[in-house]
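Here is a quick tour of one model, from its loops to its core. Have the viewer open while you read.

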Amino acid sequence: MSFVSVSRRLLTLTASQSSTINRSTTVNVFSRKTLACLQSQAHRGICSSRVTQPLRSENKITVNFINRDGEKITVKGNPGDSLLDVVIDQDLDFDGFGACEGTLACSTCHVIFDEDVFKQLGPITDEEMDMLDLAYGLTDTSRLGCQICLTKALEGMTARVPDAVADIRQSDGSA
């Protein structure tokens, strides 16, 4: 069975299990990272009824990051990509960012949003909240970048990377 067939079947199953997704969900995208983002959104019940992969640059979403030095970095990402995907795709140098590669096993992709943007992000899962408890510099508007999928509504948003990161890989092993 091809990746596209498996993806369609998985999305159909995911859609049928979610009460907020119409059974006639149409998906024109089958990249692995977009599929993972769709699954995450479906699990949280916030997936839209139609998702398409942009092919042209005008469909890209502008994202602003404020790095640990206070520098503003503006990049573009595809709808459906997570903020972690954008950081990796754009080769942004945020030390330790995304250590677990988006598997919800760390808090290194912790970012902080303005209140108005934070309200647009949708609910936080228990798993994400557990990992956020480990994050350095936690605020009321903190989220994990691997759990934030880009939508047109987030065009121009700003995400601030905290001053430090809680990354066990940087530990010297002493207690």
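D91 is exposed, with a relative accessible area of 67%. This is a predicted model, so treat the backbone angles here as computed values. Phi of D91 is positive, about 55°, even though D91 is not a glycine. As for where to look, D91 sits in the loop between α3 (83-89) and β5 (110-113).

E101 is another one to click on: its phi is near 60°, again a positive value in a residue other than glycine. E101 lies in the loop between α3 and β5. Is E101 buried or exposed? With a relative accessible area of 68%, E101 counts as exposed, since the cut-off for that label is over 50%.

## A negative patch

Which residues form the negative surface patch? They are D114, E115, D116 and D140.

Take E115 as a way in. E115 belongs to helix α4, which covers residues 115-118. Its relative accessible area is 44%, so E115 is labelled partly exposed. That value clears the patch cut-off, which asks for over 30%.

## One salt bridge

Side chains of opposite charge can pair when their charged atoms come close. How many salt bridges does the model have? The count comes to 1. The partners are E128 and R143, whose side chains meet at 2.8 Å, N to O.

E128 lies in helix α5 (residues 126-132) and R143 in strand β6 (residues 142-144), so the pair ties together parts that are 15 residues apart in sequence. Are the two partners buried or exposed? E128 is buried, with a relative accessible area of 0%, and R143 is buried too, at 0%. For reference, the buried label needs a value under 20%.

## The nonpolar core

In soluble globular proteins, nonpolar side chains tend to be buried together. Here the largest nonpolar core has 28 residues.

Which helices and strands each supply at least two residues of the core? On the strand side they are β3 (61-66), β4 (72-77), β5 and β7 (157-160), and on the helix side α3, α4 and α5. The largest share comes from α3, with 4 residues.

Key:
Residues numbered from 1 in each chain as written. Predicted model: local features only at pLDDT ≥ 70, side-chain atom pairs only at ≥ 80, totals over all residues. Heavy atoms only, no water. Patch = residues over 30% accessible without salt bridge, like charges linked within 9 Å, V, L, I, M, F, W, Y side chains within 5 Å. Areas by Shrake-Rupley, 256 points an atom, 1.4 Å probe, with all protein chains shown as cover. Salt bridge = Lys/Arg side-chain N within 4 Å of Asp/Glu carboxyl O. Lys, Arg positive; Asp, Glu negative; His and termini not counted. Charge placed at Lys NZ, Arg CZ, Asp CG, Glu CD. Buried < 20%, exposed > 50% of the residue type's maximum accessible area, 1.4 Å probe, protein only. Core = buried A, V, L, I, M, F, W, Y, C linked by side-chain atoms within 4.5 Å.
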